[in-house]
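Please examine the sequence and the structure before reading on.

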Amino acid sequence: MIDTYGVLEDVVRDSYAGVVWSHKIQEKQSDIYAEKFKKMETINIGAASLTSVGIIAMIFTDPLWLKLISALISFATVYITAYFKSFDLQKLITSHKATANKLISVRDQYKVLLTEIKLQSDSVENLLSRYNELVKETDSIYLEAPSTTEEAVDKASEALKIKKDNTFSDKEIDSFLPSSLRR
């Protein structure tokens, strides 16, 4: 005889793991874009400041090297400004964060479903129906999700496998709870 709860649990666990991974990848992609934006913004401010200093210095002196350096730094400022106009990093950051947040919600629903399967609190048919609804919701999130890079996948892998993000010991969980709910 087939253990239908066990079969359903295996399938739901697989989907849960996929959502955990997808969430972390989206989160890391957002972090990558945020870091890139911060660096480019800092460079742009520095380059704009140096361009201004070079132009002011040219009022009082006239060396060719100063003109060349000011022109190059001015070009860097224009390039970064054009990059910001072409690739809206703030929008990409927001988009990846929004997808990650949607995936957190679905992840928690999978966790509740796994609990109900483990406790056999409902019929397999009803639990399977709820699972199918969750799969549809997950698929719609994936269809709208922005693309990610290999770098984000690598960072997510390190966070989940090495740093053990999303994993808590009983002691860590107890530290978040009032004493009456601790183990």
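Helices are DSSP runs of H or I with at least four residues, and they are numbered from the N terminus. The model is a predicted one, in which local features need pLDDT of at least 70 and side-chain atom pairs count only at pLDDT 80 or more, while totals for chains, interfaces and linings use all residues. Residues are numbered from 1 along each chain as its sequence is written, and side-chain values use heavy atoms, with hydrogens and water left out.

The structure holds 8 salt bridges, the term meaning a side-chain nitrogen of Lys or Arg within 4 Å of a carboxyl oxygen of Asp or Glu.

Glu151 and Lys155 are 4 residues apart in helix α5 (residues 150–162), so about one helical turn separates them. Lys102 in helix α3 (residues 89–119) and Glu144 in helix α4 (residues 124–144), by contrast, are 42 residues apart and link distant parts of the chain.

Relative accessible area under 20% counts as buried, over 50% as exposed, and in between as partly exposed (1.4 Å probe, protein chains only). Glu144 is exposed at 58%, whereas Lys102 is partly exposed at 41%. Likewise, Lys163 is exposed at 57%, whereas Glu158 is partly exposed at 36%.

Val11, in helix α1 (residues 4–60), is partly exposed at 37%.

How values were computed: Helix = DSSP H or I, 4+ residues; strand = E, 2+ residues; numbered from the N terminus.
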